[in-house]
Amino acid sequence: MFSWKRPDNLGVTDGRLAPPKRTPNSVSSQADAADAEHYIAPIPFKGDAAAAMAAVRKAVESMTGSTVIRQEGNYLYAEFRTRIVRYVDDVEFLFDAKAGVIDVRSASRLGRRDFGVNRARIEAVRARIEGRPRARVTA
């Protein structure tokens with residue numbers, strides 16, 4: 001089983017998540033919107049931080065391969081492991097009450113390409129939070 005060290009840049013610094021990696025295997029709602037490779041829209045949410053984080057946690061825990069590692073206030077960090085090779089992706093959520101959105105960041109720990117898995121995962125979380133039919137994330 002692969003068990004690489006967690007990145008040391010995870011978490012919230014000055015109200016922001018870490019920027020996406022330079023490689024194409026990460027997405028972030030805090031990336032420049034002109035960066036189509038890395039930018040993904042934040043998840044709109046009406047409610048307070050407790051409700052937002054409960055919705056995120058429920059969505060994440062309903063997905064295969066997920067483990068919530070840390071949840072503090074308006075922040076949640078989870079790891080997702082792929083089924084076969086057991087690669088790890090780091091996924092973070094940060095609720096911005098003022099903007100009414102959940103910012104997201106999803107990045108593969110190793111490699112360069114992810115064949116769209118990080119983007120698909122965030123869209124699957126979005127669908128669960130919005131109560132839409134669940135898309136399957138394959139990895």
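**Exercise 1.** How many bridges join strand β4 to β5, and do they run parallel or antiparallel?

*Solution.* Start with the ground rules. The model is predicted, so local features need pLDDT of at least 70 and side-chain atom pairs count only at pLDDT 80 or more, while totals for chains, interfaces and linings use all residues. Residues are numbered from 1 along each chain as its sequence is written, and side-chain values use heavy atoms, with hydrogens and water left out.

Step 1: Strands are DSSP runs of E, at least two residues, numbered from the N terminus. Two strands pair if DSSP finds at least two bridges between them.

Step 2: count. Strand β4 (residues 75-81) is joined to β5 by seven bridges, and the two run antiparallel.

Step 3: F80 stands opposite D89 in β5.

**Exercise 2.** Describe the other pairing of β5, with β6, and the turn.

*Solution.* Step 1: eight bridges join β5 to β6 (residues 101-108), again antiparallel. Step 2: D96 faces V101 in β6. Step 3: β5 and β6 form a hairpin with four residues between them. In that turn, G100 has a positive phi of about 70 degrees.

**Exercise 3.** Is strand β5 mostly covered or uncovered?

*Solution.* Strand β5 spans residues 88-96, and eight of its nine residues are buried (under 20% relative accessible area, 1.4 Å probe, protein chains only).

**Exercise 4.** Locate R16 and list its contacts.

*Solution.* Step 1: R16 lies in the segment before β1 (26-28). Step 2: leaving out residues up to four places away in sequence, R16 touches G11, Q30 and L94 (heavy atoms within 4.5 Å). Step 3: R16 and L94 are 78 residues apart along the chain, yet their C-alpha atoms are separated by 8.1 Å.

Key
Buried < 20%, exposed > 50% of the residue type's maximum accessible area, 1.4 Å probe, protein only.
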